[in-house]
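Hi,

Here is the structure I promised to pass on. Have a look at it first, and my notes on what turned up follow below.

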Amino acid sequence: MTEVRPAAAQIVLKPAYGEASLSGPARARGAVVWSHGRSVDSEDSEAPTPLYMKTLRDAGWDVYRLDRMRVSDTLPNSARALAGYSDMLKTRGYRRVALTGQSFGAFISLIAAGQTNAVDSVIATAPAAFGNFTEAYDSYRENAAQLWPILREVRRARVMMFFFHGDDFDPGGRAEPARSILAQRGLSSLIIDQPSLLPGHGAANTGLFVRRFGACIARFAEAPPAANDPPCDESWGRSPSAELLQAALPANASGSAKGDVDTTAALRPFMGMWYGSYINGREVALSVEKAEGDVVHADYLLGAGMEADQPFERVRRKGRIENGELVFDEKGRNMLRYRLRPDGRISATWLDRDGRGRLDTVLRRVN
C-alpha cells in the first residue's frame with residue numbers, strides 16, 4: 001500500500017501476515033492495525049508483530065501493521081497517517097476498525113482515535129512517548145501528563161489499556177485517572193493495571209500475555225464489554241491443564257530414597273509435583289519421584305507453546321542436591337535449578353545449555 005498523506009512519508013500500512021492472510025472487507029470481522037514502538041537507536045519497524053495479534057487474526061480479523069521509519073516517526077506525523085489509514089479502511093468497507101499499539105504506538109493509536117470517527121476501539125499496551133526513568137528522568141512523567149489530554153480528545157472509540165508493574169516508562173498511578181476521564185466522556189473502557197506475573201515494558205509481547213488476555217482483547221475489539229462476559233484475566237496457568245495432568249507421573253510423596261541419609265533429608269521438601277508457567281506462555285511442572293543414592297529422579301513436563309513447532313514435552317531427568325538447591329545439569333541438556341522459598345513454593349530457573357537463554361518462574365505444590 002502507498003502512503004495516505006505526503007506528510008506521512010515512510011509511514012506505510014501493510015498486512016501483518018502477508019496479503020494471503022487478508023479476507024477482505026466483506027468477509028473479515030474488521031480491520032485491526034498494530035503500531036510498534038519507537039527506539040532511539042534502532043528501527044522498530046523491524047520488530048515482530050506481537051503474538052496476541054494472532055488471536056485477532058484467528059478470530060477473523062484482517063491484521064495490518066503501521067511501519068514507520070524513525071526519520072518521520074513523530075507523534076503528529078504518525079498519528080495523522082494512522083487516522084488517514086483508518087478512514088481509508090472504513091471507506092473500503094470494513095465494518096470495524098480497531099487500533100492496537102505498544103508504547104509509542106499506543107500513544108499514536110489514541111491520538112488517531114481523536115482525529116477520526118472511523119476508529120471503533122483502541123487497545124493500548126504500556127503507552128509511552130517521553131522516555132523512561134533511567135534515561136529520560138526529566139521527561140518520563142510526561143507519559144502520564146500528556147496521556148490525559150489525549151484521552152479527552154478520543155471521539156467515539158472504546159479504549160482498553162494495559163499498565164505493567166516494573167515498567168521503567170510508567171510513572172505510576174495512571175489507571176484511575178484514565179478510567180475517570182473515559183467515564184466522564186461516556187466512553188466504554190477496560191483498564192488493566194499491573195496484572196500479576198507480567199512485569200516490564202514489553203510484557204504484552206509475551207506468550208503469557210496472550211494466554212491470559214488474548215480472548216478478552218478479541219471480545220473488546222468486537223464489542224463493548226457486557227455484564228455476562230467471562231473474566232478478562234483468563235485463569236490459564238493457575239492450575240495444571242488436563243493434558244499436563246494426564247502426562248504427569250504420580251509423585252512418590254513418601255520418598256523412596258535409598259542410600260545417603262543426608263541426601264534424603266535434603267530432598268524431602270522437594271518431593272511431589274510442582275506447577276507453574278513461564279513468561280513465554282508454556283506450562284511447566286516438575287514431578288520429583290525418588291532418590292537413589294545421590295541421584296534424584298524426576299519428570300520435567302513442558303506444555304505446548306504458542307507456535308506449532310513447540311509441542312508438549314516430557315523428559316526424564318537425573319539431578320542432585322547441591323548447596324540446598326535441586327540441580328539437573330546432565331550433559332547435552334538444558335540446566336534446571338530449584339530453590340525452596342520461605343512461602344512454601346520453589347523458585348525455578350531454566351538455563352539454555354549454550355548460555356543464550358534463561359527463564360525464571362515460581363512453582364507451587366500440586367496436591
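One cut-off before anything else: buried means under 20% relative accessible area, exposed means over 50%, and partly exposed is in between, with a 1.4 Å probe and protein chains only. Bear in mind that this is a predicted model, so local features need pLDDT of at least 70 and side-chain atom pairs count only at pLDDT 80 or more, while totals for chains, interfaces and linings use all residues. Residues are numbered from 1 along each chain as its sequence is written, and side-chain values use heavy atoms, with hydrogens and water left out.

Aromatics next. Rings of Phe, Tyr and Trp (its six-membered ring) pair if their centres lie within 6.5 Å; planes under 30 degrees apart are stacked, over 60 edge-to-face, and the rest tilted. That rule gives 12 aromatic pairs. One of them joins Phe107 and Phe130 edge-to-face, at 5.9 Å centre to centre and 80° between the planes. This pair links distant parts of the chain, 23 residues apart: Phe107 is in helix α3 (residues 104–112), and Phe130 is in the loop between β5 (121–125) and α4 (142–145). Helices (H or I, at least four residues) and strands (E, at least two) are DSSP runs, numbered from the N terminus. Phe130 is partly exposed at 24% relative accessible area, whereas Phe107 is buried at 0%. Phe133 and Tyr140 also pair edge-to-face, with 5.6 Å between centres and 90° between planes; here Phe133 is partly exposed at 42% and Tyr140 is buried at 8%. Ring pairs also link Tyr52, Phe162, Phe164, Phe209 and Phe213 into a cluster.

Back to α3: 9 of its 9 residues are buried, so the helix is largely enclosed by the rest of the structure. Leu110 is one of those buried α3 residues. A nonpolar core here is a set of buried Ala, Val, Leu, Ile, Met, Phe, Trp, Tyr and Cys residues joined through side-chain atoms within 4.5 Å. In the largest one, of 45 residues, Leu110, Leu151 and Met161 touch the most other members. Another core, of 28 residues, lies apart from it and includes Phe164 and Ala221.

Setting aside neighbours within four places in sequence, its contacts (heavy atoms within 4.5 Å) include Arg29, Leu56, Arg96 and Ala221.

Now the charges. Counting a salt bridge as a side-chain nitrogen of Lys or Arg within 4 Å of a carboxyl oxygen of Asp or Glu, the whole structure has 29. Lys90 and Asp120 form one of them, at 3.0 Å N to O. Lys90 is partly exposed at 25%, while Asp120 is buried at 10%.

Arg57 bridges to Asp58, with the closest N and O atoms 3.2 Å apart. Arg57 also lies over the face of Tyr17, 4.8 Å from the ring centre; the test is NZ of Lys or CZ of Arg within 6 Å of the centre and within 35 degrees of the ring normal. Finally, Arg320, Glu322, Glu325, Asp329 and Arg337 are linked in a network of salt bridges.

Cheers
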